[in-house]
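Here's a quick walk through a single protein chain.

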Amino acid sequence: MGILDGLMGNASEADLNAVEKDLQKIVTENEQVEKAFKIIRDLIVFTNKRLILIDKQGMTGKKIEYHSVPYRSVTHYSVETAGTFDMDAELKIYISSTTQPISKQFRKDKSIYDVQKALATYVNQ
């Protein structure tokens, strides 16, 4: 997937070296970025210790929210695929002690399955 896919909301695997460099202030000493997906400006990052959801906000993207979720806190997750007239697919991640899930929108493509497969791998370790 390329730049056009990212602009259209399709997830694409991100360059791990670039993600590690961007997250130097966020990751711990023994933490390693193992997989990352980019959706437009946002990132879904899987480390050996936790899930990090990065939400770049505003026109310039300088305001950034880092949502850190230990894998053990994920109680369940769901994938809602796109339909004939519904162009969006949605990944919902439910965290213990919260009532509302974290939702990420995807366009009608197969990349939501790649993200779901990574989530299943890390949560079920």
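## Ground rules and overall layout

Helices (H or I, at least four residues) and strands (E, at least two) are DSSP runs here, numbered from the N terminus. On that basis the protein chain has three helices and eight strands, and along the sequence they run α-β-α-β-β-β-β-β-β-β-α.

Keep in mind that this is a predicted model, so local features need pLDDT of at least 70 and side-chain atom pairs count only at pLDDT 80 or more, while totals for chains, interfaces and linings use all residues. Residues are numbered from 1 along each chain as its sequence is written, and side-chain values use heavy atoms, with hydrogens and water left out.

## Burial, contacts and surface

Buried means under 20% relative accessible area, exposed over 50%, and partly exposed in between (1.4 Å probe, protein chains only). By that cut-off, 37% of the 125 residues in the protein chain are buried.

A contact is heavy atoms within 4.5 Å. Take the contacts in the protein chain with a separation of 6 or more: 36% of them come from residues 24 or more positions apart. The accessible surface (Shrake-Rupley, 1.4 Å probe, with only the protein chains shown counting as cover for residues) is about 7,900 Å², and carbon and sulfur atoms own 50% of it.

Two strands pair if DSSP finds at least two bridges between them. There's an open sheet of three strands in the order β6-β7-β8, paired antiparallel. Its edge strands, β6 (74-80) and β8 (102-107), each pair on one side only.

Six bridges link β6 and β7 (residues 88-95) in the antiparallel sense. One to look up: valine 79 has leucine 91 in β7 as its bridge partner.

The buried residues of α3 include Val115, Leu119 and Tyr122. Among the elements covering the buried part of α3 are β2 (33-39), β3 (42-47) and β4 (50-57).

Where does serine 73 lie? It sits in the loop between β5 (63-70) and β6. Serine 73 counts as buried because its relative accessibility is 14%. Leaving aside neighbours within four places in sequence, serine 73 is in contact with Tyr94, Ile95 and Ser96.
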